[in-house]
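Please open the structure in your viewer and keep the selection panel at hand. The stops below are arranged in the order in which they may be selected.

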Amino acid sequence: AEVIVVGSREAAGALVAEAIERLVTGRPDAVLGLATGDTPLPVYRALAERVAVGLDLSAVRGFALDEYVGIPVTHPESYHSVIDREVVRPLRLNPASVHVPDGRPLGIETAGERYEDAILAAGGVDLQILGVGTDGHIGFNEPGSSFASLTRVKTLTKQTREDNARFFDSVDDVPIHSITQGLGTILRARRLVLLAFGAAKAHAVAAAVEGPLTASVPASAIQLHPRATVVVDEEAASMLT
Ligand code: F6R
């Protein structure tokens with residue numbers, strides 16, 4: 001992967017927003033792969049600033065990486081809620097064009113296949129935004145995930161539940177399961193942009209970029225992608241050689 005070290009999260013946000021603006025200028029109905037969590041927020045903020053001065057994203061389509069299983073869609077921390085609050089509204093996307101995996105219990109057995117079909121019907125993802133977990137996950141593909149995996153239900157690791165406890169009242173309130181695009185799904189996107197900030201991500205970044213290709217570090221799958229860019233701050237880059 002191409003690695004770009006930037007001075008700040010804001011600089012990373014501006015860089016990726018610029019790439020997205022270029023994409024959308026050439027293709028107004030481009031398909032974006034959307035991540036949740038803290039990492040992509042500078043990108044969404046930078047895009048929102050561009051929208052405020054005239055960038056039109058109303059024809060853009062979006063597919064979120066993942067969703068929790070076991071909390072209602074209306075829960076403020078469901079990824080349906082988060083994507084609506086942090087992406088759809090500030091970027092003035094058309095809510096009907098933005099998809100999040102269906103984590104509701106009814107029909108969960110077929111939800112993965114339905115999501116894959118929807119991505120294919122949209123013509124695939126043009127640019128996939130990724131964060132990385134401290135355990136090396138992308139999406140919620142925890143260590144051990146197959147590189148060929150498609151959207152399916154996965155169990156979150158203890159580490160991930162502890163990392164995400166900040167969004168809930170306590171770690172016990174963090175759902176145990178998720179439905180996530182697979183590594184195979186992610187690798188089909190035409191372009192990958194993985195962002196990481198802070199020292200807590202340094203190990204995962206080094207393992208993803210320079211370590212062996214291994215299911216133990218799901219983010220190492222980006223090494224298989226012909227067009228993957230990694231945008232990191234100095235701290236997240238600190239274990240790269
Ligand atoms: C979010 C996702 C996760 C996060 C990762 C990092 O949709 O799929 O892989 O990107 O857990 O989370 P943050 O950015 O909160 O550190």
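The tour begins with the sheet and then turns to annotated residues, the ligand and a loop.

Residues are numbered from 1 along each chain as its sequence is written. This is a predicted model, in which local features need pLDDT of at least 70 and side-chain atom pairs count only at pLDDT 80 or more, while totals for chains, interfaces and linings use all residues.

**The sheet.** Select the strands first; helices (H or I, at least four residues) and strands (E, at least two) are DSSP runs, numbered from the N terminus. Seven strands make up an open sheet with parallel pairing, in the order β1-β10-β9-β6-β2-β3-β5. At its edges stand β1 (2–6) and β5 (98–99), each with a single partner strand, so one side of each has no neighbour in the sheet. Two strands pair if DSSP finds at least two bridges between them.

Next, select helix α7 (residues 202–210), which lies across β1, β9 and β10 (228–233) and runs at about 155° to β10. Axes are lines fitted to C-alpha atoms, for helices over the stretch in contact, and angles run from 0 to 180 degrees between N-to-C directions. Two residues are in contact if their C-beta atoms, placed from the backbone, lie within 7 Å.

**Annotated residues.** Which residues does UniProt list for "active site"? The unreviewed entry gives Asp 66, Asp 135, His 137 and Glu 142; such annotations may be inferred rather than shown by experiment. Select Asp 66, located in strand β4 (residues 66–69). Asp 66 is buried, because 24 other C-beta atoms lie within 10 Å (buried requires 20 or more, exposed 12 or fewer, and partly exposed is in between). His 137 is in the loop between β6 (127–130) and β7 (152–155), and is also buried, with 26 C-beta neighbours inside 10 Å. Beyond four places in sequence, His 137 contacts Glu 142, Thr 160 and Pro 218.

**The ligand.** Now display the ligand, which 14 residues surround, the closest being Thr 36, Gly 37, Asp 38, Thr 39 and Gly 131 (a residue is near if its C-beta atom, placed from the backbone, lies within 6 Å).

**An exposed loop position.** Finally, select Val 53, in the loop between α2 (41–52) and β3 (61–64). Val 53 is exposed, because 6 other C-beta atoms lie within 10 Å.
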